[in-house]
Amino acid sequence: MAQLKKIKTPLLEIGYYEHGARDGWPVVLAHGFPYDVHAYDDVIPHLAAAGARVIVPYTRGFGPTRFLRADTPRNGQQAALASDVISLLDALGIAKATLAGFDWGGLASCVAAALWPERVAGLVSYGGYDVADVAASRLPSPAGLECVMWYQHLFQSERGRQCLAHDRRALCRLLWEQWSPTWAFGDDVFERTADAFDNPDFVDVVIHCYRFVHGSEPGDPALDELEVKLAARPTIAVPCVTLDGTQDPLKPGGSAAHDVMFTGRHERRVFEVGHAFPAEAPEAFARAVIDVHAWAEEQRRKGHS
């Protein structure tokens, strides 16, 4: 097993694992809530065998990742999550990488690809164009989806904060079960990830993420300019595969309507899995990353010919 590494960015000390050849083509695998780096355990061997340098970081508020300063806002908004990905590339000296993610990790990867396309060779995103439409999020969804999003509504209250703080393992396991109804994960699989929820900033970051997107808490003023750009719904031009899971209640109907948001080479692939796509269908996730890398290389060669 790879050893945990740590590296400092302007705001964080990020804990991460690195696999594969040091001189391989770089890919960052970004996880979401309530998951961690172990969601990619069965994806990594396929990518390493394909020549990738695989970087798997703990996002802010999870596992060993820590804020460097006590006065830094424990912010979970999308511009912050994407900025962390770019700052990680800077710290590692990586000019350009393939980004792949699901849940918050898909959001961060999509935002990074939209705002900093010169840093992104290609993109794999579970759930389509996952840039949060903050204005639309403040309007009601269909009743069935509002029911599935119960945790987001709970987190708007102090009662919800206390529930997450005091019963985080039970709450997060319930989300795993509801979002991936056909994934028969064992206790050991959940507990291996649940340790990441003991991060001292976990509750603050998670609560802020969902309060920001619902409009009940402001974002960091330093990120306002980025959020204005995201509010304009920028398209994504880098080569991309988007993935849908037909068993995911958070993504009813899939993401076919998002196709117009991808202006470069793009394929949408559908599988009978739930929300934790890389854990449930690791070979399909890895295949998407490898294909996107191949497309990016083809594009690069054509650009130099």
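Author: Start with the term. A salt bridge is a side-chain nitrogen of Lys or Arg within 4 Å of a carboxyl oxygen of Asp or Glu. This is a predicted model, so local features need pLDDT of at least 70, side-chain atom pairs count only at pLDDT 80 or more, and totals for chains, interfaces and linings use all residues. Residues are numbered from 1 along each chain as its sequence is written, and side-chain values use heavy atoms, with hydrogens and water left out.

Reader: How many salt bridges does a search of the whole structure find?

Author: The count is 26. Take aspartate 90 and arginine 119: their side chains meet at 2.8 Å, N to O. Aspartate 90 sits in helix H2 (residues 78–92) and arginine 119 in the loop between helix H3 (104–115) and strand E7 (120–126), so the pair ties together parts 29 residues apart in sequence. Helices (H or I, at least four residues) and strands (E, at least two) are DSSP runs, numbered from the N terminus.

Reader: Is arginine 119 buried or exposed?

Author: Buried means under 20% relative accessible area, exposed over 50%, partly exposed in between (1.4 Å probe, protein chains only). Arginine 119 has 14% relative accessibility, so it counts as buried. Aspartate 90, at 46%, is partly exposed.

Reader: Which residue forms a salt bridge with arginine 161?

Author: Aspartate 204, with the closest N and O atoms 2.7 Å apart. Arginine 161 is in helix H7 (residues 158–166) and aspartate 204 in helix H10 (residues 202–213), so this pair ties together parts 43 residues apart in sequence.

Reader: Which residues do shared partners join into one network?

Author: Lys5, Glu18, Arg22 and Arg53.
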